[in-house]
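Welcome! Take a moment to look at the sequence and the 3D structure, and then let us walk through some of the details together.

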Amino acid sequence: MPIRLASQFLPSGTPAKLWYILISTALQVTFGCPQKPTPPSLSTRFPMDILAAFAEFESSALAAIAAATDAAGIEKVRIEFLGQKNGRIRDLQKLVGSAAPADKPAVGKRFNEVRTTVSEQLEVRQQQLVAQASKAASDFDVTLPGDRPRLGRLHPITQVIAEFRELMGRFGFTVVDGPEIEDERHNFEALNIPEDHPARDPLDNFYIACASATHGGPVLLRSQTSTVQIRTMEKVAPPVRIVSLGRVYRPDTIDATHSCMFHQMEGLLVDRNVSMAQLKTVLSQFARSFLGPGVEIRFRPSFFPFTEPSVEVDMKWGDSWMEIGGAGMVDPAVFEAVGYDPEIYTGFAFGLGIERFCMKHFAVDDIRRFYENDLRFLSQF
Ligand code: DAH
C-alpha cells in the first residue's frame, strides 16, 4: 500500500497535516490523478482583477451612453448598466464584497468613482437627447403647406372611352370586347370583304408572320373593330345591341391626324324593322350628349362591303364639319355569314374614330401627343 510505504520512511512524531500532504501527493504521483485547479476563493480575489472588471464596465457603459440616439435608447442603457434589479452594476457590487479585507477600502472607493462617472454621463446624455428632441419639434412648422402626393390620372383617351361606354349604356347598348389579334374570317371574310379586296393587301395590314403557323392560317392585328360584330353575332341570337371600344392597327404614315394605332367605337343593332332613321337618331343623340346640344350629324353616301347602304358620318361642332366615321345598314351577306336570317332581321352598324372626338373635345391639334407619354401634356387632362 503506498500509504504504508510512505509512512515507513517518515520519522515518528510527524504532524498530521504533513502526513496528509505527503499521502495525497503520493497518491497523485502513483495513480497519475490530474491536479484540480483550486477555485479562486471569494475572500482572496486579487484587486487587479476587480479593477479590470470596473474599467471594462466603465468603458462599455460610456460607449453605450454615447451611442444612444433617443430617450428610449438611453433608458435601455440605464437599465442594462445601472438597473437596480439586474443591472451590470450589481456584479461589480459583488466583486467589492469579494475583495480581501485589506483591499476593500481602495476597491470600494474605485467602485463609487465608476458608478458616479457612469451615472453622471448618463444624465448628461439624457438631457442632451431631450434638448435635441424638443429642438427638432420646434423646427417643424405646422403652418407650412404639406407635400401634396402626386395623383395619377386617366389618359384622355381612356377618359373619353369611359364616357362613351356610359353614354351608349344609357341608350341600351351593352359593352363587349374582342381580341386585337384576329384571323381573316373575323377581320375580312365574314364582313363580306373578298380575298381580292384592296383592304386585305398585306402592305395595308399588320400580318403576324410568326403566329400564322401555330394558328393554322394568317393572323393580323385587327384593322377595324367591325370584327366584334361578327364575334358577337356568332355567339348570340338576335336582337343585338352592342358597342365595342378598342384599339385598331394600320400601317399608315404617321402625321398630325394619322397614327398606326388608334381607337374605334363599333356599334351594332340587329332586330326586326331597323331603319336608317334610327341609326341617325342614335348617332346624333350620342354626339349631342357628349359635345353639347348644338352638334349636328349628316350622312354622305359611301361604300363599305359590310353595309348596304353605306354612309360617311360627319359632325358639325362650332362652324365646321368633321368626318367622324362610317355607318350603314348591315349587308345581308354579313347576316348569312353568321347564320342570321336576312329575310327576318335588319340592323345598323357604325364605326367611329375615338381620337377624332378626343381631339375636338380637348382641343388637341396633333394625334401624336396622345401616344408620346409626355407628362407635361398628359397632366393637363
Ligand atoms: N370599319 C370601318 C373602318 O374602320 C368603319 C365602319 C364603317 C364601321 C361602316 C361600321 C360601318 O360598322 O357600318 O373604316
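## The shell around the ligand

The residues of the shell around the ligand divide into 5 nonpolar, 8 polar and 2 charged. Here Ala, Val, Leu, Ile, Met, Phe, Trp, Tyr, Cys and Pro count as nonpolar, Asp, Glu, Lys and Arg as charged, and the others, Gly among them, as polar. Before we go on, please note that this is a predicted model: local features need pLDDT of at least 70, side-chain atom pairs count only at pLDDT 80 or more, and totals for chains, interfaces and linings use all residues. Residues are numbered from 1 along each chain as its sequence is written, and side-chain values use heavy atoms, with hydrogens and water left out.

Which residues come nearest to the ligand? Of the 15 residues around the ligand, these are Gln224, Ser226, Arg250, Gln264 and Glu266; a residue is near a molecule or strand if one of its heavy atoms lies within 4 Å of it. Three strands each supply at least two residues of the shell: S6 (261-271), S9 (320-330) and S10 (346-353). Strands (E, at least two residues) and helices (H or I, at least four) are DSSP runs, numbered from the N terminus.

## Contacts with the ligand

Let us look at some atom pairs. The side chain of arginine 250 has an N or O atom 2.7 Å from an oxygen atom of the ligand. For glutamine 264, a polar side-chain atom lies 2.9 Å from a ligand oxygen atom. Phenylalanine 350 takes part through its backbone, where a polar atom is 3.3 Å from an oxygen atom of the ligand. On its own, the ligand has 350 Å² of accessible area, and the protein covers 91% of this (areas come from the Shrake-Rupley method with a 1.4 Å probe; for residues, only the protein chains shown count as cover).

## A buried serine and an exposed glycine

Serine 223 lies in the loop between strand S4 (219-221) and helix H10 (227-235). Is serine 223 buried or exposed? Serine 223 counts as buried because its relative accessible area is 8%; buried means under 20%, exposed over 50%, and partly exposed in between (1.4 Å probe, protein chains only). Its side chain makes a polar contact of 3.0 Å with the side chain of asparagine 187. A polar contact is a pair of N or O atoms within 3.5 Å; within protein, one must be able to donate a hydrogen and the other to accept it, and residues adjacent in sequence count only if both atoms are side-chain atoms.

Glycine 294 sits in the loop between helix H11 (276-291) and strand S7 (296-304). Glycine 294 counts as exposed because its relative accessibility is 63%. Its C-alpha atom is 7.9 Å from that of glycine 318, 24 residues apart along the chain.

## Backbone details

Most residues other than glycine have a negative phi, and most peptide bonds are trans. The peptide bond from proline 238 to proline 239 is cis, with omega near 5 degrees, and proline 239 lies in the loop between H10 and strand S5 (240-249). Another cis peptide bond runs from glutamate 308 to proline 309, with omega near -5 degrees; proline 309 belongs to strand S8 (residues 307-317).

Asparagine 273, in the loop between S6 and H11, has a positive phi near 55 degrees. Asparagine 273 is exposed, with a relative accessible area of 69%. Alanine 363 also has a positive phi, about 55 degrees, although it is not a glycine.
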